[in-house]
Every structure is written in C-alpha cells, then in structure tokens.
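Dear colleague,

I am passing on the structure we spoke about, and my notes on it follow below. Please read them with the model open beside you.

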Amino acid sequence: MTQDQETQRVNAADPNRGASPVAGEDPSMSRILRRETHSSRAGASVIAAVLVIVLCGYALLEAGVRAIGQPPWLIDPTTAAERIIALPEGISPLLLGASGAVIAMVGLFFLLHAVLPGRRARHLLRDPRTAVVVDDEVLASALARRARTAANVTQEQVMVVVSRQLVVVNVRPTSGSRVSKEAVLTAVQAELEEMSPVPMPAVRVNLASSGVIGA
C-alpha cells in the first residue's frame with residue numbers, strides 16, 4: 001500500500017480529520033477556557049463563608065458567655081429561639097415583612113449563583129493553532145458591518161444583538177430604498193461561517209416598517 005493510499009484510508013475512516021478544531025478541545029486548555037467563558041463563583045462563595053463564620057462565631061460567643069454565667073452579649077440563645085418559635089408574635093408586621101424580603105433576596109442571590117450556568121457574553125472560535133475567545137460585542141460589530149454592506153445603509157441604521165444561541169439583526173432601511181431581507185440574512189450567515197463561533201448561533205433579521213430619511 002502506497003503512502004497516498006494509506007492517507008486516503010485514514011481520512012475515509014475519520015471524516016473530521018483535518019478540520020479546524022473547536023477552541024478548547026485540548027484538555028489542557030479546557031479549564032482556562034471555561035474560566036474565560038463562565039463567571040467566577042469565588043465572590044459568592046467568600047460572602048457565604050463569611051456569613052456562616054460570623055453567625056457561628058456569634059453563636060459560640062453567646063454560648064460561652066452563658067456557660068460562665070455572664071449576661072448575654074446581645075441576646076440569650078434560649079430567648080432568641082423562643083422568639084423565633086413564637087413568630088409572628090412580638091414583632092410588627094411591617095418589620096417582619098421587611099426582614100422576610102431581605103432574607104428572601106439574599107437566599108435568591110445565592111440560589112441563582114448556584115443554579116445558573118453563569119456564562120459570560122463570549123464565544124469560542126475555531127482555530128487550528130490556539131484557543132480564541134471573543135466578546136459577543138466584537139461579533140456584533142463585525143456582523144453589523146457585514147449587514148450594513150448588504151443593506152447599503154449607514155451605521156446608525158443597523159443594530160445587532162448577539163446571544164449564545166441567536167443573532168438578531170435589526171435594520172431600518174432608507175426611505176425610498178428597498179432592502180432585501182434574504183440578502184442581509186445570507187451575508188450575516190456567511191460572516192458567521194467564516195468566523196465559526198462555538199456554539200454557532202441562529203440568525204434572525206428584522207426590517208423596520210418605517211424608513212429613515214436619507215441625507
């Protein structure tokens with residue numbers, strides 16, 4: 001078997017061979033890229049740890065003061081437990097509602113940080129040599145430039161919004177000038193295919209019903 005035949009056999013067995021890899025397919029880079037494309041949980045973790053330490057420290061302080069027969073520093077643990085069990089007695093409804101709202105907001109903050117993926121507005125790009133991370137604003141700028149050229153309008157007449165799964169192109173045509181929605185869609189899709197962001201978002205083009213008076 002010649003070398004050319006061997007090469008053809010390997011390529012036939014692996015159709016993806018030779019294609020540009022997804023940035024971050026290298027295991028050694030995946031951790032770095034995840035840190036670049038996802039928001040850190042370190043801040044929320046530190047806040048939660050500090051709150052737990054403060055509460056535990058205060059509880060230990062009050063328990064120690066009670067053990068040596070001294071008056072409580074702020075409130076006796078037994079008295080605090082009895083008041084909590086007796087709620088809502090002994091406290092005004094307004095204060096109770098405000099306290100509940102604050103506790104609910106704090107709990108929701110930590111819950112959302114724990115449940116949501118925390119993805120940043122960034123995409124990975126296919127590159128055969130290195131890992132590339134680009135902000136969605138940069139993608140939007142490049143796509144808006146391509147859409148302006150296809151629609152033959154000014155910069156102020158095109159607005160592009162890029163999210164993880166969707167690209168929305170809003171175009172306001174010039175009065176008296178017809179803009180082809182299909183042409184804009186094709187141009188934007190071609191630009192996306194050239195950049196090859198990961199994941200590849202879908203494209204939606206919106207043409208405004210009212211035009212802009214040309215200069």
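A residue is called partly exposed when its relative accessible area falls between the limits for buried, under 20%, and exposed, over 50%. Please keep in mind throughout that this is a predicted model.

Phenylalanine 109, with a relative accessible area of 34%, is therefore partly exposed. A search of the whole structure turns up two aromatic pairs. In one of them, the rings of tyrosine 58 and tryptophan 73 have centres 6.3 Å apart and planes at 50 degrees, so this pair is tilted. It joins distant parts of the chain, since tyrosine 58 sits in helix H3 (residues 42-67) and tryptophan 73 in the loop between H3 and helix H4 (77-85), 15 residues apart. Tyrosine 58 is partly exposed at 26% relative accessible area, whereas tryptophan 73, at 58%, counts as exposed. Phenylalanine 109 and phenylalanine 110 also form an aromatic pair, which is edge-to-face, with 5.2 Å from centre to centre and 75 degrees between the planes.

Turning to the strands, three of them make up an open sheet of mixed pairing in the order S3-S4-S6, and its edge strands, S3 (158-162) and S6 (202-207), each pair on one side only. Strand S4 (residues 166-171) pairs with S3 in the antiparallel sense over five bridges, and valine 158 stands opposite valine 171 in S4. Helix H6 (residues 136-151) lies across S3 and S4, running at about 145 degrees to S3, while helix H7 (residues 181-195) lies across S4 and S6, at about 150 degrees to S6.

Definitions and conventions
Residues numbered from 1 in each chain as written. Predicted model: local features only at pLDDT ≥ 70, side-chain atom pairs only at ≥ 80, totals over all residues. Heavy atoms only, no water. Phe/Tyr/Trp six-rings, centres within 6.5 Å; stacked < 30°, edge-to-face > 60°. Helix = DSSP H or I, 4+ residues; strand = E, 2+ residues; numbered from the N terminus. Buried < 20%, exposed > 50% of the residue type's maximum accessible area, 1.4 Å probe, protein only. Pairing = 2+ DSSP bridges. Contact = heavy atoms within 4.5 Å. Axes fitted to C-alpha atoms, helices over the stretch in contact; angles between N-to-C directions.
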